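Have the picture open as you read.

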Amino acid sequence: LCIRWCYVRYCQLYGLLDLSQWKDDVRSKIIDFLNHLIDLGVAGFRIDAAKHIRPEDINVILSKLNNLNVRWFSKGSRPFVYQEVIDLGSEAVQSSEYFRNGRVTEFKYGMQLGTVLRKWNGQKMANLKSWGESWHMMPSNKAFVFVDNHDNQRGHGSGGSSILTFWNPRLYKMAVGFMLAHPYGFTRIMSSYWWPKDTQNGTDLNDWVGPPSNSDGSIKPVTVYADETCGNGWICEHRWDEIRSMVIFRNVVSEKPITNWWDNNNNQVAFGRAGKGFVVFNNDDRNLSVILPTGLPAGVYCDVISGQKEGKACTGIQIHVAANGMAHFQINYQAKHPFIAIHVEARL
C-alpha cells in the first residue's frame with residue numbers, strides 16, 4: 001500500500017513533470033494565478049488529478065484564495081472547488097482525504113446508475129429507493145456527481161461500458177433526468193461534440209479526436225437550430241429539452257427531501273420532492289398506467305418533459321392533480337419520452 005500510495009502522490013504521472021506544491025515559492029505562484037482569475041470574475045475551480053497532489057498542500061493553497069469578486073457575487077462568497085479523485089473503493093488514495101478542501105468527484109455514481117438503467121447484473125430501478133450513501137458512495141454534501149464526463153464517455157478513467165452517453169440518448173436522458181430529480185450530490189451535466197466511431201475489439205480507435213474543426217485547424221462554430229438543438233458536429237446535451245427542463249425542475253424543488261416513493265418492484269419508479277415536484281420513470285418493457293399520490297397542490301400541471309408551459313397553455317401532456325394530491329400517469333414503453341416531470345412552477 002505504501003509503495004502504491006507513494007507512486008500516486010510523488011512520482012511523475014505518465015511522464016508529466018511533478019510540481020512541488022509543498023514549497024512556498026511554488027505555492028505562491030499558484031495562489032497568485034488563482035487570485036488573478038478570481039479578480040477577473042472566475043467563480044471556482046476544478047482541480048484536475050487531485051489524487052496526485054497531497055490534500056494538505058491543496059488545503060494551504062485554497063486557504064490563501066481571495067473571496068469572489070463583489071462585482072458579480074455577494075460579499076464574502078468563496079470560490080466553489082471540486083477535486084478530481086477517482087476512487088472506486090480499492091484505491092491507495094481515498095476520496096475522503098480530500099473532503100475538507102471541497103467537493104470530490106464521485107465516479108461510482110455514473111458507473112452504478114448506468115448499470116441500473118441498462119438492467120445489468122440483475123439491477124432494476126426499484127433498487128434506487130436507497131440511492132446515495134448506502135450504495136457505497138460518499139456523503140451527499142461532499143459528492144460531485146455526473147452521469148458521464150469527458151474521460152469516461154470515451155472509455156477513459158473509470159466505469160467502462162456501463163457509462164451512459166449521448167450515443168444511447170434514450171437511456172442517457174433518463175439517467176440525467178433521474179440525477180437532476182434526486183437530491184443526492186452536487187450535479188453536473190455534460191455537453192459534448194460528436195466524433196466518428198471506429199471500434200475494434202471493443203475499443204474506440206477514435207477516442208482521441210478533438211472538437212469539430214476546419215481544415216486549417218480552427219474550431220467550427222456551434223450551429224443552433226430553431227428547436228434549440230445543435231449541429232456542425234456539436235451535441236449540446238445541455239440544450240436537449242428533457243435535460244434543460246430537469247435543470248429547472250431541480251432549481252424549483254431545491255433542497256426538498258424525497259417523498260411518496262413508488263415502484264412496481266421492477267423498472268417503473270416515481271417520487272416527489274415534498275410538495276414541489278413529482279417525477280415518474282418507465283424503463284420497463286411494458287406500459288405504465290398508475291394513480292399515485294404526488295403531494296402537490298390540486299390543479300392541472302404541464303409535463304415539462306413532453307412540452308412546456310406557455311402562458312395558460314401546455315405544449316405537452318397535461319397531468320390533473322386532484323384535491324387529495326392523486327394523479328393518473330401513463331407512459332407507453334415505446335414513447336419518445338420515457339419519463340414525466342411536473343413541478344409547482346408548471347401548474348397551469
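This is a predicted model: local features need pLDDT of at least 70, side-chain atom pairs count only at pLDDT 80 or more; totals for chains, interfaces and linings use all residues.

Now for the largest pocket. About 1000 Å³ of space lies in it, and 34 residues line it. Sorted by class, that lining has 20 nonpolar, 6 polar and 8 charged residues. If you want to find the middle of the pocket, look for Leu 13, Asp 48, Ala 49, His 52 and Glu 84, the lining residues that lie nearest its centre.

The structure holds 1 cavity of 30 Å³ or more, and the volume of the largest cavity is about 30 Å³. His 52 turns up again here, in a lining that also includes Arg 9, Asp 18, Trp 22 and Asp 57. By class, this cavity's lining has 3 nonpolar, 2 polar and 4 charged residues.

Next, follow the chain to helix α4 (residues 107-117). How many of its residues are buried? The count is 10 of 11, so the helix is mostly covered, with buried meaning under 20% relative accessible area. Phe 107, Lys 108 and Leu 113 are among the buried ones. The cover over them includes β3 (103-105), β4 (143-145) and α5.

In soluble globular proteins, nonpolar side chains tend to be buried together. Here the largest nonpolar core has 65 residues, and Leu 113, Met 125, Leu 128, Met 246 and Phe 281 have the most contacts inside it. Helix α5 (residues 169-181) supplies the largest share of this core, 9 residues. Apart from that core lies another, of 15 residues, including Ala 270, Phe 278, Val 290 and Ile 342.

Let's stop at Phe 281. Leaving aside neighbours within four places in sequence, its contacts include Met 125, Met 174, Phe 178, Leu 288 and Phe 339.

Our last stop is residues 259-347, where an unreviewed UniProt entry places the feature "domain: Alpha-amylase C-terminal". Over this stretch the chain is 0% helix and 51% strand, and its end C-alpha atoms are 19 Å apart.

Definitions and conventions: Residues are numbered from 1 along each chain as its sequence is written. Side-chain values use heavy atoms; hydrogens and water are left out. UniProt positions are given in the numbering used here, feature names are shortened, and annotations may be inferred rather than shown by experiment. Helices (H or I, at least four residues) and strands (E, at least two) are DSSP runs, numbered from the N terminus. A nonpolar core is a set of buried Ala, Val, Leu, Ile, Met, Phe, Trp, Tyr and Cys residues joined through side-chain atoms within 4.5 Å. Buried means under 20% relative accessible area, exposed over 50%, partly exposed in between (1.4 Å probe, protein chains only). Contact means heavy atoms within 4.5 Å. On a 1 Å grid over the protein atoms alone, a cavity is a set of points where a 1.4 Å probe fits but cannot get out, and a pocket is an open set with protein on both sides within 12 Å along at least five of seven lines; lining residues have an atom within 4 Å of a point. Grid points are joined across faces, edges and corners, and a volume is the space filled by probe spheres set on the points. Ala, Val, Leu, Ile, Met, Phe, Trp, Tyr, Cys and Pro count as nonpolar, Asp, Glu, Lys and Arg as charged, and the others, Gly among them, as polar.
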